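Let's take a walk through a protein model together. Keep the sequence and the picture side by side as you read.

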Amino acid sequence: MQFDKIVDLHCHILPGIDDGSPDMETSLKLAEKAVADGVTHVLATPHHLDNKYVNHREDVIKATEIFQQELDSSAIPLMVFPGQEVHINGDLPQQYADLLGADADKHYIMLELPHSNVPVYSKRMIFELQKLGVTPIIVHPERNKEIQSNLDILYEFAQKGVLTQITATSYVGGFGDKVADISKKMVENKLVQLVASDAHALKGRDFVLHEALDGIENDFGPDVASEFEKNAENILNGNSVVAKGYQQIKKKKSGFSFSMRGVYCEKTCLFDHGT
Ligand SMILES: [Fe+2]
């Protein structure tokens with residue numbers, strides 16, 4: 001499938017500030033790979049508040065400006081925007097001013113959960129962020145152990161107005177068949193609205209975003225693939241994107257199966273505070 005543009009909302013392309021690219025030379029090589037994959041716009045999302053990396057808002061903005069200048073002088077046709085992959089913690093509302101959104105006005109934040117579980121305070125934290133006008137986008141839920149064993153968690157997130165982003169590498173099988181199957185199931189049941197590269201300068205963590213979009217097109221048709229791309233573009237521009245048509249995964253019970261279809265859920269929908 002040909003795209004006029006491909007927006008990548010998750011990638012560790014800025015040099016020397018997290019476990020992504022170690023230096024400018026590598027960042028430029030990554031950018032060339034992104035362009036070769038068809039990517040035209042990138043949200044740089046260094047890790048933030050994950051107990052290892054802290055990348056303050058102003059530092060990321062500055063690093064993005066410098067990187068864009070290098071891209072321009074190297075004639076690499078890629079536009080880069082400043083963002084963060086924000087690790088969930090109990091103090092996010094207090095740290096709100098230092099956070100970067102996926103869009104300039106912080107309507108959306110790329111939010112990372114631990115790989116092992118979904119913390120009990122997640123619902124409360126999501127609610128606190130929504131009160132601040134932020135729609136959280138949960139990144140790579142397909143790699144979270146608790147979600148892997150209970151996809152109803154994503155259904156509940158969708159009901160609360162939360163968006164989710166799978167990783168392109170997951171969809172094309174780079175993290176194994178199990179993660180690829182879960183990713184496909186998420187797309188099939190409309191439990192995810194975005195796909196992004198999450199590219200690092202590591203073996204097996206390249207840009208395969210176009211390949212993933214082609215895979216989605218192959219599995220679910222061109223409209224679904226172009227909706228995924230359009231969603232990324234709308235989020236970068238701060239336009240409205242909502243979870244819709246999501247379904248609970250069918251469960252086998254006493255020889256028959258059942259499902260519940262989700263209702264169209266506006267970004268503003270409210271939910272209980274949880275724990
Ligand atoms: Fe990431």
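**A histidine and its surroundings**

Start at His 41, which touches Lys 5, Ile 6, Val 7, Asp 8, Leu 78, Met 79, Phe 81 and Leu 236, leaving aside residues up to four places away in sequence; contact here means heavy atoms within 4.5 Å. His 41 sits in strand 2 (residues 41–44). Helices (H or I, at least four residues) and strands (E, at least two) are DSSP runs, numbered from the N terminus. With a relative accessible area of 18%, His 41 is buried. Buried means under 20% relative accessible area, exposed means over 50%, and partly exposed is in between, using a 1.4 Å probe and protein chains only.

Before going on, note that this is a predicted model, in which local features need pLDDT of at least 70 and side-chain atom pairs count only at pLDDT 80 or more, while totals for chains, interfaces and linings use all residues. Residues are numbered from 1 along each chain as its sequence is written, and side-chain values use heavy atoms, with hydrogens and water left out.

Now look for the iron ion. His 10 (NE2), His 12 (NE2), Glu 85 (OE) and Asp 198 (OD) coordinate the iron ion at 2.1 to 2.3 Å. Donors are N, O and S atoms within 2.8 Å of the metal (3.2 Å for Na, K and Ca); water is not among the atoms, so sites may look incomplete. Along the sequence, the donor residues follow the spacing H-x1-H-x72-E-x112-D. Glu 85 lies in strand 5 (residues 85–87) and Asp 198 in the loop between strand 9 (194–196) and helix 8 (209–220), so this pair ties together parts that are 113 residues apart in sequence. Both Glu 85 and Asp 198 are buried.

Helix 8 and helix 9 (residues 222–236) pack at an angle of about 145°, with axes 6 Å apart. Axes are lines fitted to C-alpha atoms, for helices over the stretch in contact, and angles run from 0 to 180 degrees between N-to-C directions. Helix 8 brings Leu 213, Ile 216, Glu 217 and Phe 220 to the contact, and helix 9 brings Pro 222, Val 224, Ala 225, Phe 228 and Glu 229.

Finally, find helix 3 (residues 122–131), where the buried residues include Met 125, Ile 126 and Phe 127. The buried residues of helix 3 pack against strand 6 (108–112), strand 7 (135–139) and helix 5 (152–159).
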